[in-house]
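Here are a few notes to read alongside the structure. Keep the 3D view open and find each spot as you go.

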Amino acid sequence: MTTKKYTITNLLDVARKGDTPPPCDSTLQVYADYAENGVAKGRWEVAPLFINGNGVAMGGFLSAAADIMMAYAIASSLNDQQSFASINLQTTFHRPVFQGVVEIEARVERLGKSVAYLVAELTQDGKKVASAVSSVMIMNA
């Protein structure tokens, strides 16, 4: 089985044109709706399979959803000759997440020559459920 390599252009086409997202997005049911000028917006459809034994979404899934949306935010800030990878991800959980839709907004806070700093906020039913901060290493192709 061959896995398609997603470039910055491919990620932006997913958000802008509805192209096929990477497998991790589909598996986690995260959908990018917007990615422009260092800001990305999307949603995570929290299905029963993401719910833990306490009846709430497992925190690692929230972190992964934030990381996915931050990828779209950084992709909208770079050129086609650059690539990126997360080097650090810190998530703070504010309240439990239940089955339903979580809105995610990610943005580039600072863009340096080799490292970018991003933040993401996750909300459900109008209440902040988690926030994430990530350092992303920018690698020139």
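Before we start, a quick word on names: helices (H or I, at least four residues) and strands (E, at least two) are DSSP runs, and they are numbered from the N terminus. Also keep in mind that this is a predicted model.

1. Let's begin with glutamine 29, which sits in the loop between α2 and β1 (30–36). Most residues other than glycine have a negative phi. Glutamine 29 has a phi near 65 degrees, a positive value in a residue that isn't glycine.

2. Now jump along to aspartate 125. You'll find it in the loop between β5 (115–124) and β6 (127–140). Aspartate 125 isn't a glycine either, yet its phi is positive, at about 55 degrees.

3. Next, a pair of helices. Two packed helices are described by the angle between their axes and the distance between the axes. Here, α1 (residues 8–17) packs with α3 (residues 59–75) at an angle of about 110 degrees, and their axes are 9 Å apart. Angles of 65 to 115 degrees count as roughly perpendicular, so α1 is roughly perpendicular to α3. The crossing of α1 past α3 is left-handed.

4. Which residues of α1 and α3 make the contact? From α1 come Ile8, Leu11, Leu12, Val14 and Ala15, while α3 brings Ala71, Tyr72 and Ala75. Sorted by class, the contact of α1 with α3 has eight nonpolar residues, no polar ones and no charged ones.

5. Finally, have a look at the largest pocket, with a volume of about 440 Å³. It is lined by 22 residues, and the closest to its centre are Tyr6, Thr7, Leu11, Ala71 and Phe84.

6. At least two lining residues come from each of α1, α2 (23–28), α3 and β3 (82–93). By class, the lining of the largest pocket has 14 nonpolar, four polar and four charged residues.

Methods: Residues numbered from 1 in each chain as written. Predicted model: local features only at pLDDT ≥ 70, side-chain atom pairs only at ≥ 80, totals over all residues. Heavy atoms only, no water. Axes fitted to C-alpha atoms, helices over the stretch in contact; angles between N-to-C directions. Parallel < 35°, antiparallel > 145°, perpendicular 65-115°, else oblique. Left-handed = near helix turned anticlockwise from the far one by under 90°. Contact = heavy atoms within 4.5 Å. Nonpolar A, V, L, I, M, F, W, Y, C, P; charged D, E, K, R; others polar. 1 Å grid on protein atoms, 1.4 Å probe; cavity = no way out; pocket = protein on both sides within 12 Å on 5 of 7 lines; lining within 4 Å. Points joined across faces, edges and corners; volume = space filled by probe spheres on them.
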